[in-house]
Amino acid sequence: MLRVSGVHTYYGQIHALKGVDVEVNEGEIVTLIGSNGAGKTTLLMTVCGSPQAARGEIVFQGQDITRIPTHKLVELGIAQSPEGRRIFPRMTVYENLQMGALRADPGHFEKDLRRVYDLFPRLEERKSQRGGTLSGGEQQMLAIGRALMSRPKLLLLDEPSLGIAPLVVRQIFEAIKEINRTQGMTVFLVEQNAFHALKLAHRAYVMVNGNITMSGSGRELLDNPEIRAAYLEGG
Ligand code: ATP
């Protein structure tokens, strides 16, 4: 569904991605793990066209999207829930979800809203509350819910566990699993929380310093002693 081939990305002189190859097949949850500054967020952003890849190719459902403007991606069926969440703080939960649905067929709105509320009951309880007054975990739920309202084929998630209490992290990961299982949604998840991400993912990639250094099933990487030492034990 998504194929990233030989992608290089720079920020000025900084060579952030150094020839990255990643593939996400339809119906999969794929995760990218790696430590701080490895380039994980940069890969998601490059898929979304900002910054653009300096070299290499990104193909989504057979279409070259390497240089496509970011705003066109939603129309193609790619939705992103960015790191730091970026919900609309002055709008209510309901209005935030409405914003997510802007490009979707209005006929689906009520059904899609119901689905998001069933996935995250907390959002229904808080539907009239302003986004900026939600807790970190609730804002994360809202960011994912808003992305889902565009009816994406591919959901890109950047560190959904960042700065969130462990119990809420579990709820959010359960919800991601549920979306994948019941709706067949394809998910590409970037995470520093390697343990949860690997448990959830069908397949995983490890990024070190702008390069993919390892890949395998989530289980294989969880059992791999090098991965355990670098990302799971004491980390
Ligand atoms: P984290 O988990 O901390 O977000 P990451 O793996 O997502 O890390 P990136 O944010 O992609 O890493 O950063 C990769 C490298 O690119 C880092 O060295 C970072 O300092 C650099 N970088 C990221 N954004 C910019 C920017 N806007 N300008 C210059 N350098 C940047």
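**Close-up 1. Pairing of strands β1 and β4 in the predicted model.** Strand β1, which covers residues 2–11, pairs with strand β4, residues 55–60, in the antiparallel sense, and five bridges join the two. One of the residues to look for here is arginine 3, whose bridge partner in β4 is valine 59.

**Close-up 2. The hairpin of β4 and β5.** Strand β4 also runs antiparallel to strand β5 (residues 63–64), to which two bridges join it. Valine 59, the bridge partner of arginine 3, has aspartate 64 as its bridge partner in β5. Two residues lie between the strands of this hairpin, in which glutamine 61 takes a positive phi near 45 degrees.

**Close-up 3. The buried and exposed residues of helix α4.** In helix α4, which spans residues 109–119, the buried residues are Phe109, Asp112, Leu113, Val116, Tyr117 and Leu119. These residues lie on the same side of α4 because they cover an arc of only 160 degrees around the axis. An α-helix has 3.6 residues a turn, so residues three or four places apart point the same way. The face of α4 turned away from its buried side carries Glu110, Lys111 and Asp118, which are exposed. The packing partners of the buried residues of α4 are the helices α3 (93–100), α5 (121–125), α6 (136–148) and α7 (166–183).

**Close-up 4. The largest pocket and its lining.** This pocket has a volume of about 650 Å³, and 23 residues line it, with Thr70, Val74, Ala79, Gln80 and Arg146 lying nearest its centre. At least two lining residues come from each of α1 (40–47), α2 (70–76), β6 (78–81), α3 and α6, and α2 gives the most, with four residues. By class, the lining of the largest pocket divides into eleven nonpolar, seven polar and five charged residues.

**Close-up 5. The second largest pocket and its lining.** With a volume of about 210 Å³, the second largest pocket is lined by 14 residues, of which Phe120, Pro121, Arg122, Met141 and Gln171 lie nearest its centre. The elements that supply two or more residues to this lining are α5, α6 and α7, and the most come from α7, which gives six residues. The lining of the second largest pocket has seven nonpolar, three polar and four charged residues. The helices α5, α6 and α7, which give residues to this lining, are also among the elements against which the buried residues of α4 pack.

Note on methods:
Residues numbered from 1 in each chain as written. Predicted model: local features only at pLDDT ≥ 70, side-chain atom pairs only at ≥ 80, totals over all residues. Heavy atoms only, no water. Pairing = 2+ DSSP bridges. Buried < 20%, exposed > 50% of the residue type's maximum accessible area, 1.4 Å probe, protein only. Arc of directions from axis to C-beta. Contact = heavy atoms within 4.5 Å. 1 Å grid on protein atoms, 1.4 Å probe; cavity = no way out; pocket = protein on both sides within 12 Å on 5 of 7 lines; lining within 4 Å. Points joined across faces, edges and corners; volume = space filled by probe spheres on them. Nonpolar A, V, L, I, M, F, W, Y, C, P; charged D, E, K, R; others polar.
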